[in-house]
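User: I would like to learn how to read the main features of a protein model. Could you take me through one, step by step?

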Amino acid sequence: MKKFIKAALMVCLSIIMMMPTMAFAADENVPEWEDLPLTQEEFDNIISPYEVNTENMRTSGLITIYGIALQRNGSNINIAGKTYCNADVVKCGFTVIKIERRISQYSSWTDYTTYEDLYNDSAAYFLSKTIYAPTGYQYRATCTHYAKKSLLSTEKINNTSNIV
């Protein structure tokens with residue numbers, strides 16, 4: 001009888017040990033971004049060093065100019081992004097923008113916040129936002145520029161910003 005109880009307990013403990021458990025990290029507030037009112041000159045000063053012109057590249061030609069850049073402003077980060085498409089497109093913008101951070105150049109990037117489906121029904125999308133970003137980290141943005149001409153004609157280009 002003792003062998004049976006011992007075996008039953010071992011089976012129960014084995015089953016409990018194999019059950020997956022969830023570990024929850026401390027819930028950090030997700031930063032909200034706000035519109036950043038910029039003049040055209042200020043916007044161009046931020047993004048112009050990071051723009052890419054696709055005229056001489058092997059692309060489908062839907063996205064003609066694109067770029068994303070960050071600029072540190074005290075405890076905030078200014079985000080400037082551009083997706084400029086040819087006149088035939090019906091949707092233009094970003095499918096996803098991730099703000100990532102790391103402690104030093106020797107550590108890996110971790111997601112700070114993510115924004116999805118930022119586009120409009122025209123041939124250009126300009127993004128100018130600001131977000132609270134605690135000091136002591138390096139930040140960058142990764143994004144996917146998006147253009148859609150028709151159901152069968154779309155273009156996506158992955159891009160990474162400068163590091164601030």
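Analyst: Start with contacts: two residues are in contact when heavy atoms lie within 4.5 Å. In this predicted model, residues 24 or more positions apart account for 63% of the contacts in the protein chain with a separation of 6 or more.

User: Which elements does the protein chain run through from the N terminus on?

Analyst: The order is α-β-α-β-β-β-β-β-β-β-β, which comes to two helices and nine strands. Of the 164 residues in the protein chain, 36% are buried. The accessible surface is about 10800 Å², and carbon and sulfur atoms hold 55% of that area.

User: How do I read a sheet, and what is the order of the strands in the open sheet of five?

Analyst: Strands of a sheet pair through backbone hydrogen bonds, either parallel or antiparallel. Here the order is β1-β7-β4-β3-β2, and the pairing is antiparallel. Strands β1 and β2 (52-53) are at the edges with a single partner strand each, so one side of each has no neighbour in the sheet. Helix α2 (residues 40-47) packs on this sheet and touches β3 (63-73), β4 and β7. The direction of α2 makes about 90° with that of β4.

User: How many bridges join β4 to β7, and how many join β1 to β7?

Analyst: Nine bridges join β4 (residues 76-85) to β7. Three join β1 (residues 33-35) to β7 (residues 124-132).

User: What about charged side chains: how many salt bridges does the structure hold?

Analyst: Side chains of opposite charge can pair when their charged atoms come close. The structure holds six salt bridges. In one of them, Lys129 pairs with Asp35, with the closest N and O atoms 2.4 Å apart. Lys129 belongs to strand β7 and Asp35 to strand β1, so the pair ties together parts 94 residues apart in sequence.

User: Are Lys129 and Asp35 buried or exposed?

Analyst: The cut-offs are under 20% relative accessible area for buried and over 50% for exposed. Lys129, at 17%, is therefore buried, whereas Asp35, at 59%, counts as exposed.

User: Which residue forms a salt bridge with Asp88?

Analyst: The partner is Lys149, and the closest N and O atoms are 3.8 Å apart. Asp88 sits in the loop between β4 and β5 (91-102) and Lys149 in strand β8 (residues 138-150), so this pair ties together parts 61 residues apart in sequence. Asp88 is partly exposed, with 47% relative accessible area, and so is Lys149, with 38%.

User: Finally, which residues make the nonpolar surface patch?

Analyst: A nonpolar patch gathers nonpolar side chains joined within 5 Å, from residues with over 30% relative accessible area. Met1, Phe4, Ile5 and Leu9 make one of about 510 Å². Phe4 is part of helix α1 (residues 2-18) and, at 60% relative accessibility, counts as exposed.

How values were computed: Residues numbered from 1 in each chain as written. Predicted model: local features only at pLDDT ≥ 70, side-chain atom pairs only at ≥ 80, totals over all residues. Heavy atoms only, no water. Patch = residues over 30% accessible without salt bridge, like charges linked within 9 Å, V, L, I, M, F, W, Y side chains within 5 Å. Areas by Shrake-Rupley, 256 points an atom, 1.4 Å probe, with all protein chains shown as cover. Salt bridge = Lys/Arg side-chain N within 4 Å of Asp/Glu carboxyl O. Helix = DSSP H or I, 4+ residues; strand = E, 2+ residues; numbered from the N terminus. Buried < 20%, exposed > 50% of the residue type's maximum accessible area, 1.4 Å probe, protein only. Pairing = 2+ DSSP bridges. Axes fitted to C-alpha atoms, helices over the stretch in contact; angles between N-to-C directions.
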